[in-house]
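Subject: Handing over a structure, with notes

Dear colleague,

I am passing this structure on to you, and I would be glad if you could look through it alongside the notes that follow.

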Amino acid sequence: QKEVEQNSGPLSVPEGAIASLNCTYSDRVSQSFFWYRQYSGKSPELIMSIYSNGDKEDGRFTAQLNKASQYVSLLIRDSQPSDSATYLCAAKLQGAQKLVFGQGTRLTINP
Amino acid sequence: GAGVSQSPSNKVTEKGKDVELRCDPISGHTALYWYRQRLGQGLEFLIYFQGNSAPDKSGLPSDRFSAERTGESVSTLTIQRTQQEDSAVYLCASSVPDRHEKLFFGSGTQLSVL
């Protein structure tokens with residue numbers, strides 16, 4: 001099993017709806033998780049981080065961590081066409097500083 | 001500079017040639033990472049530098065790949081005897097000492113091996 005796994009999509013969501021992106025992880029990662037957004041042809045940028053069980057909200061974005069089930073989610077409320085991008089889940093490896101990334105989920109918000 | 005700078009932005013080379021990719025991190029960022037991203041794929045970790053510590057080379061795919069960094073300055077990634085499967089975007093990122101998860105990425109080098 002890869003350290004971090006995502007459904008590569010594509011995921012299509014109508015404008016204004018909630019987009020839900022999921023990521024599962026293995027025992028080889030630590031309890032620090034991150035969501036990066038990558039627009040087409042651009043570099044990734046950090047949008048959310050979560051370290052403890054439960055939800056963390058930032059504007060229209062909510063990150064959810066469920067340690068028992070080993071998954072992390074990103075919810076985007078009132079999704080906008082500008083949210084169309086690839087979303088990468090990342091985590092730190094146990095005992096290391098490096099970040100490992102999932103393969104990314106391509107999200108398209110349809111007007 | 002204001003951000004992470006990578007050069008060249010595009011590189012087309014013939015199979016078997018050596019290439020050198022350059023990354024200039026944000027000033028004061030002691031951590032520097034190289035990742036590879038194949039078309040439509042996620043980021044594949046290659047190597048990590050932290051200050052003057054020994055680098056974490058665990059992601060380098062073969063001995064054709066090597067990277068150097070002097071202190072907290074510029075890093076170069078060298079690929080010897082390039083193969084077609086080396087074609088990808090090579091991304092460099094840097095971070096401050098206590099915020100390793102907040103990576104600032106350069107715009108990448110698109111490498112095409114013909």
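A polar contact is here a pair of N or O atoms within 3.5 Å, where within protein one must be able to donate a hydrogen and the other to accept it, and where residues adjacent in sequence count only if both atoms are side-chain atoms. By that rule, six residue pairs, both members at pLDDT 80 or more, are in polar contact between chain A and chain B.

Please keep in mind that this is a predicted model, in which local features need pLDDT of at least 70 and side-chain atom pairs count only at pLDDT 80 or more, while totals for chains, interfaces and linings use all residues. Residues are numbered from 1 along each chain as its sequence is written, chains are lettered from A and ligands numbered from 1 in the order in which they are written, and side-chain values use heavy atoms, with hydrogens and water left out.

The interface

With contact taken as heavy atoms within 4.5 Å, 15 residues of chain A meet 20 residues of chain B. The two chains bury about 1,400 Å² between them, 56% of it on carbon and sulfur atoms, where buried area is the accessible area (1.4 Å probe) that two parts lose on being put together, summed over both. On the side of chain A, the residues that lose the most area to chain B are A:Gln97, A:Lys98 and A:Phe101, which together make up 34% of what that side buries.

The rule for salt bridges (a side-chain nitrogen of Lys or Arg within 4 Å of a carboxyl oxygen of Asp or Glu) finds one across this interface. The partners are B:Asp56 and A:Lys98, whose closest N and O atoms are 3.6 Å apart.

The largest share, three residues, comes from E4(A).

Within the chains

Over all chains, the search finds eight salt bridges. One of them joins A:Glu3 to A:Arg28, with the closest N and O atoms 3.7 Å apart, and this pair links distant parts of the chain, since A:Glu3 is in the segment before strand E1 (4-6) of chain A and A:Arg28 is in the loop between E3 and E4 of chain A, 25 residues apart. In the terms used here (buried under 20% relative accessible area, exposed over 50%, partly exposed in between; 1.4 Å probe, protein chains only), A:Glu3 is partly exposed at 23%, and A:Arg28 is likewise partly exposed at 42%.

A:Ser26 lies in the loop between strand E3 (19-25) and E4 of chain A, and it is buried, with a relative accessible area of 4%. Leaving aside residues up to four places away in sequence, A:Ser26 touches A:Gln1, A:Lys2, A:Glu3 and A:Gln70.

In chain B, the side chains of B:Glu44 and B:Arg36 meet in a salt bridge at 3.0 Å, N to O. B:Arg36 is buried at 3% relative accessible area, whereas B:Glu44 is partly exposed at 28%. Salt bridges that share partners join B:Arg36, B:Arg38 and B:Glu44 into one network.

With best regards

Terms used: Helix = DSSP H or I, 4+ residues; strand = E, 2+ residues; numbered from the N terminus.
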